[in-house]
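Please examine the sequence and the structure shown below.

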Amino acid sequence: MQHTNPKQKGSILRLIGTVKDADGRIVSTFTKDNDIYLWNWAVFFFFFFKMNFCPIDATVYSYRSVYGVSRLTVASTVYGQGNGNTMESTWKVQIGGSNTAPAVTDYVLGSGIQEVTPTLPEIINDGNILKVVFSSTFAFSSQAVVSEIAIKANYVIRNDNSPYLLTRDTFTAQTVPAGGSITLQHELWFNGTPPAA
């Protein structure tokens, strides 16, 4: 069954959160749609398009690393493999505690707390709808309040340590008890929108 909403077009990013206490009991759950795809997201995808359309073209794209440094993609090589470099485990999901609203020009979390390597992405299809799903679990030894999340990438568009955020969003602040955890599942929806939560 396809779920559509005439007010929502294009791809939707759904975030599903589950907070657990130290004994593994569910404390709270939430769902939020429409994380912000950042400027760096567009650079990442158009870099791939450009490399396949015309790799010898000298066009480069500007993006901002998590260090606040403006960088340029390379003109003719996809980096991250070979020469002793690898993309393995360089992509992370970050969590933070800021409630500052996201903007397409964001390049860093407002108040970063922790980052983890997410699960392997799964591609799911239902008719013409495609959905990419992965999740990240953050454990805390002491109580923490979390309210923002980002997907951080590295390499691919350059062969140096210039990590960059692809998405960032805030959500209703969640208190994770001491010894507890929060699991955040990303669902990237294409050609359709998620059903109402």
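Does Lys152 count as buried or exposed? At a relative accessibility of 11%, Lys152 counts as buried, because the cut-off for a buried residue is under 20% relative accessible area. The model discussed here is a predicted one.

The side chain of Lys152 has a charged partner: Lys152 forms a salt bridge with Glu115, and the closest N and O atoms are 3.0 Å apart. Because Lys152 lies in strand β10 and Glu115 in strand β7 (residues 112-116), this pair ties together parts that are 37 residues apart in sequence. Glu115 itself is partly exposed, with a relative accessible area of 34%. Elsewhere, salt bridges that share partners join Asp21, Asp23 and Arg25 into one network.

A search of the whole structure finds 7 salt bridges. One of them brings together the side chains of Asp33 and Arg14, at 2.7 Å from N to O. Asp33 belongs to strand β2 and Arg14 to strand β1, so the bridge ties together parts that are 19 residues apart in sequence. Arg14 counts as buried at 7% relative accessibility, whereas Asp33 is partly exposed, with a relative accessible area of 24%.

Since Lys32 lies in strand β2 and Asp169 in strand β11, the pair ties together parts that are 137 residues apart in sequence. In this pair, Lys32 is partly exposed, with a relative accessible area of 27%, while Asp169 counts as buried at 4% relative accessibility.

Attention may now turn to the sheet to which strands β1 and β2 belong. Strands of a sheet pair through backbone hydrogen bonds, and the pairing is either parallel or antiparallel. Here, an open sheet of 5 strands has the order β2-β1-β12-β9-β8, and its pairing is antiparallel. The edge strands are β2 (26-33) and β8 (122-126), each of which pairs on one side only. From one strand to the next, the twist averages 20°. Ile123 stands opposite Val132, which is in β9.

What does the largest nonpolar core contain? The core has 32 residues, and those with the most contacts inside it are Phe138, Phe140, Ile157, Tyr164, Ile182 and Leu184. Several elements each supply at least two residues of this core, among them helix α1 (39-53) and the strands β1 (12-20), β9 (129-139) and β12 (181-190). Strands β6 (92-96), β10 (144-153) and β11 (164-176) likewise each supply at least two. Apart from this core lies another one, of 5 residues, including Leu38, Val66, Ala150 and Leu165.

On the surface, Phe45, Phe46, Phe49 and Phe53 form a nonpolar patch with about 440 Å² of accessible area together. With a relative accessible area of 45%, Phe46 is partly exposed.

Key. Residues are numbered from 1 along each chain as its sequence is written. This is a predicted model: local features need pLDDT of at least 70, side-chain atom pairs count only at pLDDT 80 or more; totals for chains, interfaces and linings use all residues. Side-chain values use heavy atoms; hydrogens and water are left out. A nonpolar core is a set of buried Ala, Val, Leu, Ile, Met, Phe, Trp, Tyr and Cys residues joined through side-chain atoms within 4.5 Å. Buried means under 20% relative accessible area, exposed over 50%, partly exposed in between (1.4 Å probe, protein chains only). Helices (H or I, at least four residues) and strands (E, at least two) are DSSP runs, numbered from the N terminus. Two strands pair if DSSP finds at least two bridges between them. Axes are lines fitted to C-alpha atoms, for helices over the stretch in contact, and angles run from 0 to 180 degrees between N-to-C directions. Patches are made of residues with over 30% relative accessible area and no salt bridge: like charges are joined within 9 Å, nonpolar side chains (Val, Leu, Ile, Met, Phe, Trp, Tyr) within 5 Å. Accessible areas come from the Shrake-Rupley method with a 1.4 Å probe; for residues, only the protein chains shown count as cover. A salt bridge is a side-chain nitrogen of Lys or Arg within 4 Å of a carboxyl oxygen of Asp or Glu.
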